[in-house]
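Me: I'd like to go through this structure with you, starting with a term we will need and then moving on to charges and surface. Can you take it slowly?

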Amino acid sequence: METQLWRERLAPYRLAVDELVVKFNHVKQQYQDARMYSPIELVSGRLKRVSSILDKMRRKGVELSQMEEKIEDIAGIRLICQFVDDIDTVVEIIRQREDLVIKTEKDYITKSKPSGYRSYHIIAYYVVQTINGPKRLEVEIQIRTMAMNFWSTIEHSLQYKYREHMPDDLRERLLRAADAVDVLDNEMSSVRDEIMDAQNSNRQKATIISDILNNIENLYYVANEREVTKIQNEFFQIYRQDDITLLKRFNKQLDIIAETYRAQNPQNMQEGL
């Protein structure tokens, strides 16, 4: 098949990857906008390379005319979580989506592959709009932790290098590394509450600082420059103390000041916003 024809045939899959990456990033953003912990830490997508498609077709004995029917992972989405428990949450999010219809699910976390590979796989139907009308195709969604993803990336590179002939000693070392990843994920889960408290504190601090800076910027439009400079200097002094309680108190005081000016100069404050 000519390069141009491959490009045309794979174009809908590329579109599916692009759309789903945006959609899952939006899910993550919704959690963050609501100041909630997001079970999705990272989103990535890939279109399977033509050489990889041909290799898989050869191994499975798939004819070119059967490619779209038999090769399920031409379009791939990867959702990375911080904790193992997050994976169940993400799977449930996918099950509830109306734009994805699940075909199969494979749990390689409860029972890992013999190689040590651990991940949760979903094959789902997804519809893209093309110039020739809607096209329903299959997408593979992998959900795993950051530790699982690190191991899988290394293992995939080695599998690609050695094909079916990976040395036994290297295979054994990979299995030991997979066991270590399992231990790491379990340890991180055991201290999840402490980790999340720290992350929530950092997010809260970032939000407060953003609010303060936004208020100070808006005050430049309506307040005396000397007064705004004084407020800004006071903020820097409080910021250096690295005390979130002081930042919260300063932010409330600044909100009162900003609201006073907003009432006096509504049009200018609106322009500042």
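Predicted model: local features only at pLDDT ≥ 70, side-chain atom pairs only at ≥ 80, totals over all residues.

Me: Fine. What share of the residues is buried, then?
Reply: Buried residues account for 37% of the 273 residues in the protein.

Me: Switching to charges: how many salt bridges does the count come to?
Reply: The count comes to 15 salt bridges. One of them is between the side chains of Asp86 and Arg192, with an N to O distance of 3.0 Å.

Me: Which parts does that pair tie together?
Reply: Asp86 belongs to helix α4 (residues 84-96) and Arg192 to helix α7 (residues 192-219), so the pair ties together parts that are 106 residues apart in sequence.

Me: Are Asp86 and Arg192 buried or exposed?
Reply: Asp86 is buried, and Arg192 is buried as well.

Me: OK, what does Glu105 pair with?
Reply: The side chain of Glu105 meets that of Arg95 in a salt bridge, at 2.9 Å from N to O. Because Glu105 lies in strand β3 (residues 101-107) and Arg95 in helix α4, this pair ties together parts that are 10 residues apart in sequence. Glu105 is partly exposed, with a relative accessible area of 31%, and Arg95 is partly exposed too, at 43%.

Me: And Arg118, which residue does its side chain meet?
Reply: Arg118 forms a salt bridge with Asp182, at 3.3 Å from N to O. The pair links distant parts of the chain, 64 residues apart, with Arg118 in the loop between β3 and β4 (120-130) and Asp182 in helix α6. Arg118 is buried, its relative accessible area being 10%, while Asp182 counts as partly exposed at 29% relative accessibility.

Me: Now the surface. Which residues form the positive patch?
Reply: The positive surface patch is formed by Arg58, Arg59, Lys60, Lys106 and Lys113. Helix α2 (residues 50-60) gives the largest share of the positive patch, with three residues, and Arg59 has its place in that helix.

Me: Where does negative charge gather on the surface?
Reply: A patch of negative charge brings together Asp168, Asp169, Glu172 and Asp179. Asp169 sits in helix α6 (residues 168-190).

Me: Last topic: which residues make the nonpolar patch?
Reply: Leu184, Met188 and Val191 make a nonpolar surface patch of about 220 Å². Val191 has its place in the loop between α6 and α7.

Conventions: Residues numbered from 1 in each chain as written. Heavy atoms only, no water. Patch = residues over 30% accessible without salt bridge, like charges linked within 9 Å, V, L, I, M, F, W, Y side chains within 5 Å. Areas by Shrake-Rupley, 256 points an atom, 1.4 Å probe, with all protein chains shown as cover. Salt bridge = Lys/Arg side-chain N within 4 Å of Asp/Glu carboxyl O. Lys, Arg positive; Asp, Glu negative; His and termini not counted. Charge placed at Lys NZ, Arg CZ, Asp CG, Glu CD. Helix = DSSP H or I, 4+ residues; strand = E, 2+ residues; numbered from the N terminus. Buried < 20%, exposed > 50% of the residue type's maximum accessible area, 1.4 Å probe, protein only.
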